[in-house]
Amino acid sequence: MITIQKFVVNPLGENSYILSDETGECVFVDPGFYYTEEKEEVKEYIAANKLKPVMIANTHCHFDHILGVEFVREQYGIPFYAHAEDAFLVERSVSQAQMFGFDMQEVKPMDGWLHEGETLKFGNTKMKILHVPGHSPGHVVFYSEEENILVVGDVLFYGSIGRTDLPGGNYDTLISGIKTKLLTLPEDVKVYSGHGPETSVGVEKWSNPFLT
Ligand SMILES: [Zn+2]
């Protein structure tokens, strides 16, 4: 049984998630922790729930989703995984952050890659990895068929979709990926986005103005 803890962090209001299961093992998805209070809150959550972090798994590597990668890496000694096609975003993250007006610590390269068709594993849990590019070239999502959970990063939001005007973005690619890979999932699948509230596949399928 997957437990999802959401932290709304950094000046861009990014959703960082900690996914854990009954074994206590957990994965950090898109750690964007920036302020000291945000990092303290994470440490308290991990300690209070006696969790054992095993890896960082990013949906994609825009700077607001990786601001806390070095903190988590150092704090828990765990590797950072994402899709290889987003490696250039990790390299450019400091300058990208400067364009948005703030300083960030350099993030070292990924320790390993996530691929479509493989699974994200922690404890007794396995989630499918799907590649859904268009917001960024290496964007992936994590899907639990057993528990109807979909962690989508910035591919899909409540009533909206990810922007496609950043380097490597493509509108048509994004729309077709959402329609073929996400809207074909059961309608009651709960969707956890990289910004904003939770939604579901059915709600977006029938009411998202970009998709109807
Ligand atoms: Zn993004």
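Reader: What makes up residues 13-195, in helix and strand?

Author: Over residues 13-195 the chain is 27% helix and 28% strand. The end C-alpha atoms of this stretch are 7 Å apart. Helices (H or I, at least four residues) and strands (E, at least two) are DSSP runs, numbered from the N terminus. This is a predicted model: local features need pLDDT of at least 70, side-chain atom pairs count only at pLDDT 80 or more, and totals for chains, interfaces and linings use all residues. Residues are numbered from 1 along each chain as its sequence is written, and side-chain values use heavy atoms, with hydrogens and water left out.

Reader: Which feature does UniProt place at residues 13-195?

Author: The unreviewed UniProt entry places "domain: Metallo-beta-lactamase" there. UniProt positions follow the numbering used here, feature names are shortened, and annotations may be inferred rather than shown by experiment.

Reader: Why is A57 called buried?

Author: Buried means under 20% relative accessible area, exposed over 50%, partly exposed in between (1.4 Å probe, protein chains only). A57 has a relative accessible area of 0%, so A57 is buried. Its place is in strand β4.

Reader: Which residues is A57 in contact with, leaving aside its neighbours within four places in sequence?

Author: Contact means heavy atoms within 4.5 Å. By that rule A57 touches V27, F28, V29, D30, Y81, L114, L120 and F142. G159 is another matter: the C-alpha atoms of A57 and G159 are separated by 25 Å. Along the chain these two are 102 residues apart.

Reader: Which residues of helix α3 are buried?

Author: V69, E70, F71, V72 and R73 are buried in this helix, which spans residues 69-76. They pack against β3 (25-29), α1 (36-48), β4 (52-57), α2 (63-66) and β5 (80-82). Just after α3, G77 takes a positive phi of about 60 degrees.

Reader: What makes R73 and D111 a salt bridge?

Author: A salt bridge is a side-chain nitrogen of Lys or Arg within 4 Å of a carboxyl oxygen of Asp or Glu. The closest N and O atoms of R73 and D111 are 3.2 Å apart, so the pair qualifies. R73 sits in helix α3 and D111 in the loop between α5 and β6, 38 residues apart. R73 has 11% relative accessibility and so counts as buried. D111, at 46%, is partly exposed. E70, R73, K108 and D111 are linked in a network of salt bridges.

Reader: How many salt bridges does this rule count?

Author: The count comes to 9. One of them joins E145 and K128, whose closest N and O atoms are 3.3 Å apart. E145 lies in the loop between β9 (140-144) and β10 (149-153), and K128 in strand β8 (residues 125-131), 17 residues apart. E145 has 46% relative accessibility and counts as partly exposed. K128 also counts as partly exposed, at 39%.

Reader: Why does the pair of K205 and E187 tie together parts apart in sequence?

Author: K205 lies in helix α7 (residues 201-207) and E187 in the loop between α6 (171-182) and β13 (190-193), so the bridge joins parts 18 residues apart in sequence. Their closest N and O atoms are 3.9 Å apart. That is within the 4 Å limit, so the pair counts. K205 is partly exposed at 27% relative accessibility. E187 is partly exposed too, at 37%.

Reader: How many aromatic pairs does a search of the whole structure find?

Author: The search finds 10 aromatic pairs. Rings of Phe, Tyr and Trp (its six-membered ring) pair if their centres lie within 6.5 Å; planes under 30 degrees apart count as stacked, over 60 as edge-to-face and the rest as tilted. F28 and F33 lie 6.3 Å centre to centre with 85 degrees between the planes, so they form an edge-to-face pair. Both F28 and F33 are buried.

Reader: What makes the pair of Y34 and F102 edge-to-face?

Author: The angle between the planes is 65 degrees, over the limit of 60, so the pair is edge-to-face. The centres are 5.1 Å apart. Y34 is in the loop between β3 and α1, and F102 in the loop between α5 (93-99) and β6 (112-113), 68 residues apart. Y34 is partly exposed, with a relative accessible area of 25%. F102 is buried at 12%.

Reader: Which residues do ring pairs link into a cluster?

Author: The cluster holds F7, F28, F33, Y45, F71 and Y76.
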